[in-house]
Amino acid sequence: MLVGRTGAGKTTFCQAIHNEEIHYKKTQAVEVIDNTIDTPGEFMENRRLYGALMVTGADADYIVLLRDCTEPQTIFAPSFTSMFAKPAIGLVTKTDLAQNENQIKRSREDLEIAGCRKVFEISSVSGEGLDEVMQFLNLT
């Protein structure tokens, strides 16, 4: 299950790992694409909707938090992943747009503080890091 703020790259990542053409699409509701659950950013941005994330995550094998490294602040609270009874990994997204290595490092640390066991650095547009994530999730 993909979790992150609006614009974090959830849908783009989903398109990339399923070899779909990458195009902008606003996710309005929970969508299941093959074995991937794509959630709307509003679920993360509105704490009253955290219950929807917990219920949706019940059927997931992994919780995948996505953090856009170009965003100045994280949306994930410390130990955020503890609300799920599933393992969590993190994706630092949009690494191709990072202005410096510190943006990527800060995003990685934010995801680790949120409770991600493993963190990957990716660009869904360039393909950087996608193979490693897919191998980890047994999607290859």
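Q: What share of the 140 residues of the protein counts as buried?
A: The model is predicted: local features need pLDDT of at least 70, side-chain atom pairs count only at pLDDT 80 or more, and totals for chains, interfaces and linings use all residues. Residues are numbered from 1 along each chain as its sequence is written, and side-chain values use heavy atoms, with hydrogens and water left out. Buried means under 20% relative accessible area, exposed means over 50%, and partly exposed is in between (1.4 Å probe, protein chains only). Of the 140 residues, the share that counts as buried is 45%.

Q: In what order do the elements of the protein run from the N terminus on?
A: Helices (H or I, at least four residues) and strands (E, at least two) are DSSP runs, numbered from the N terminus. The protein has 5 helices and 6 strands. From the N terminus on, their order is β-α-β-β-α-α-β-β-α-β-α.

Q: What radius of gyration does the protein have, against the globule rule for 140 residues?
A: The radius is taken over C-alpha atoms, and the globule rule is 2.2 Å times the number of residues to the power 0.38. The C-alpha atoms fill a box of roughly 35 × 30 × 25 Å along the principal axes. The protein is as compact as a globular protein of that length, because the rule gives 14 Å for 140 residues and the radius of gyration is close to that, at 14 Å.

Q: What percentage of the contacts with a separation of 6 or more comes from residues 24 or more positions apart?
A: Contact means heavy atoms within 4.5 Å. Among contacts with a separation of 6 or more, the part from residues 24 or more positions apart is 65%.

Q: How far apart are the mean positions of the positive and negative charges of the protein?
A: Lys and Arg count as positive and Asp and Glu as negative, while His and the chain ends are not counted. The place of a charge is NZ of Lys, CZ of Arg, CG of Asp or CD of Glu. Between the 14 positive and 20 negative charges, the mean positions are separated by 7 Å.

Q: How many residues of helix α1 are buried?
A: Helix α1 spans residues 10–17 and is mostly covered. The buried residues in α1 are K10, T11, F13, C14, Q15, A16 and I17. Of its 8 residues, the buried number is 7.

Q: Which residues form one aromatic cluster?
A: The structure holds 5 aromatic pairs. Rings of Phe, Tyr and Trp (its six-membered ring) pair if their centres lie within 6.5 Å; planes under 30 degrees apart count as stacked, over 60 as edge-to-face and the rest as tilted. One aromatic cluster is formed by Y50, F76, F80 and F84.

Q: What kind of pair do the rings of Y50 and F80 make?
A: Y50 lies in helix α3 (residues 50–57) and F80 in the loop between β4 (63–68) and β5 (88–93), so this pair links distant parts of the chain, 30 residues apart. Y50 is buried at 14% relative accessibility, and F80 is buried at 4%. Because the ring centres are 5.5 Å apart and the planes are at 80°, the pair is edge-to-face.

Q: What kind of pair do the rings of Y62 and F136 make?
A: Y62 is in the loop between α3 and β4 and F136 in helix α5 (residues 130–136), so the pair ties together parts that are 74 residues apart in sequence. Y62 is partly exposed at 27%, and F136 is partly exposed at 30%. With ring centres 5.6 Å apart and planes at 55°, the pair is tilted.

Q: What phi does D34 have?
A: D34 is found in the loop between β2 (31–33) and β3 (36–38). D34 is exposed, with a relative accessible area of 66%. Although D34 is not a glycine, its phi is positive, at about 55°.

Q: What is the relative accessible area of K94?
A: K94 sits in the loop between β5 and α4 (101–114). Its phi is positive in a residue other than glycine, near 60°. K94 is partly exposed, at 24%.

Q: Which residues is D110 in contact with, leaving aside neighbours within four places in sequence?
A: D110 lies in helix α4. D110 is buried, with a relative accessible area of 15%. Leaving those neighbours aside, its contacts are R67 and T74.

Q: How far apart in space are V119 and V92, C-alpha to C-alpha?
A: V119 is in strand β6 (residues 118–121) and is buried, with a relative accessible area of 8%. Not counting residues up to four places away in sequence, V119 touches G90, V92, R108, L111 and E112. V119 and V92 are 27 residues apart in sequence, and their C-alpha to C-alpha distance is 7.2 Å.
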